[in-house]
Amino acid sequence: MKHLPVYIPGVFTATTLLTAMLLYKAGKYSRPLILITLLWLAIQAVISLLGFYIVISGTPPRFALLLMPPVLIIIILFLTKSGRQFADGFDAKSLILIHMVRVPVELTLYWLFIHKAVPEVMTFEGRNFDILCGLTAPLIYYFGYVKNVLNRNVILAWNIICLLLLANIIVTAVFSAPFQFQKLGFEQPNVALFYFPFIWLPCFVVPAVLFAHIANIRKLINNKH
């Protein structure tokens, strides 16, 4: 991705580090959490810089190694008693703040589209409305957790809607990639996510946002708001 202006990977790198900091804060400054996060980011950075993910042949595609490990960890967390206890220890209002990173993420995707690295369908000019979650997250945080004027059902509905929007862009990104099962974005396949630092989106930023939603939905259902 050498043809990209330096501000695009720069903004996304800063966004990834901000996500890590917000997750660290939500986890009440757990040292193991931040160490594992930074180690995971470093490992994936090295692997991607070696060109591992640009090889798109093979089944399953190597891209699956970016998203599936953290998703499996999240599933295990919420299926086990100790995992649920760990997730319940996160601060609800800080988990809401994590969703603000969806604004710079969507701006990054738009810039990547302009420079022909992702298809339009993956941006807010296409079928990706995820930026709305990032824009409304500060409102949910302020009115829901600072002023306490939003009831539990409103915050729960917001989390569910945003979770569905997240699922939408995940599916869109996967089916826009130049795999054998590609269904979208034929005019410009999704290739940016095979390169550093954008591999951090599927391997960390998306799972962090996913975890934040599920953890908060669990808290709200259990009336722990």
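Which helices each supply at least two residues of the lining of the largest cavity? H6, H8 and H9 do. The legends below describe close-up views of a predicted model.

**View 1. The largest cavity is lined by residues of H6, H8 and H9, among others.**
The structure holds one cavity of 30 Å³ or more. About 210 Å³ of space lies in the largest cavity. Its lining has 19 residues. Nearest the centre are Ile169, Ile170, Ala173, Leu201 and Val206. By class, the lining divides into 16 nonpolar, no polar and three charged residues.

**View 2. The largest pocket has a volume of about 480 Å³.**
The lining of this pocket counts 19 residues, and Leu23, Leu33, Ile36, Thr37 and Ile73 are the closest to the centre. The class count for the pocket lining is 17 nonpolar, two polar and no charged residues.

**View 3. The largest nonpolar core contains 55 residues.**
Leu95, Ile98, Leu112, Met122, Leu201, Phe204 and Phe211 touch the most other members. Two or more core residues come from each of helix H1 (7–26), H2, H3, helix H5 (92–98), helix H6 (102–114), helix H8 (152–176) and H9. H9 gives the most, with twelve residues. In soluble globular proteins, nonpolar side chains tend to be buried together.

**View 4. Leu95 is one of the core residues that touch the most other members.**
Beyond four places away in sequence, Leu95 touches Ala26, Phe90, Phe211, Ala212, Ala215 and Asn216. Among these contacts, Phe211 is also listed with the core residues that touch the most other members.

**View 5. Another core, of twelve residues, lies apart from the largest one.**
Its members include Ile96, Trp158, Cys162 and Ile217. Cys162 is buried, with a relative accessible area of 2%.

**View 6. Asn159 is a buried residue of helix H8.**
The relative accessible area of Asn159 is 0%. That value is under 20%, so Asn159 counts as buried. Leaving out residues up to four places away in sequence, Asn159 touches Ile96, His99, His213, Asn216, Ile217 and Leu220. Two of these contacts, Ile96 and Ile217, are members of the twelve-residue core. Asn216 is a contact of Asn159, and Asn216 is a contact of Leu95 as well.

**View 7. Pro202 sits in helix H9 and is buried.**
Its relative accessible area is 6%. Pro202 counts as buried because 6% falls under 20%. Pro202 touches Phe63, Leu66, Leu67, Leu193 and Pro207, with residues up to four places away in sequence not counted. Pro70 is 132 residues from Pro202 in sequence. In space, the two prolines are 9.3 Å apart, C-alpha to C-alpha.

**View 8. Cys133 and Cys162 are both buried.**
Cys133 has a relative accessible area of 1%. For Cys162 the value is 2%. How many disulfides does a search of the whole structure find? The search finds zero.

Conventions
Residues numbered from 1 in each chain as written. Predicted model: local features only at pLDDT ≥ 70, side-chain atom pairs only at ≥ 80, totals over all residues. Heavy atoms only, no water. 1 Å grid on protein atoms, 1.4 Å probe; cavity = no way out; pocket = protein on both sides within 12 Å on 5 of 7 lines; lining within 4 Å. Points joined across faces, edges and corners; volume = space filled by probe spheres on them. Nonpolar A, V, L, I, M, F, W, Y, C, P; charged D, E, K, R; others polar. Core = buried A, V, L, I, M, F, W, Y, C linked by side-chain atoms within 4.5 Å. Buried < 20%, exposed > 50% of the residue type's maximum accessible area, 1.4 Å probe, protein only. Helix = DSSP H or I, 4+ residues; strand = E, 2+ residues; numbered from the N terminus. Contact = heavy atoms within 4.5 Å. Disulfide = S-S within 2.5 Å.
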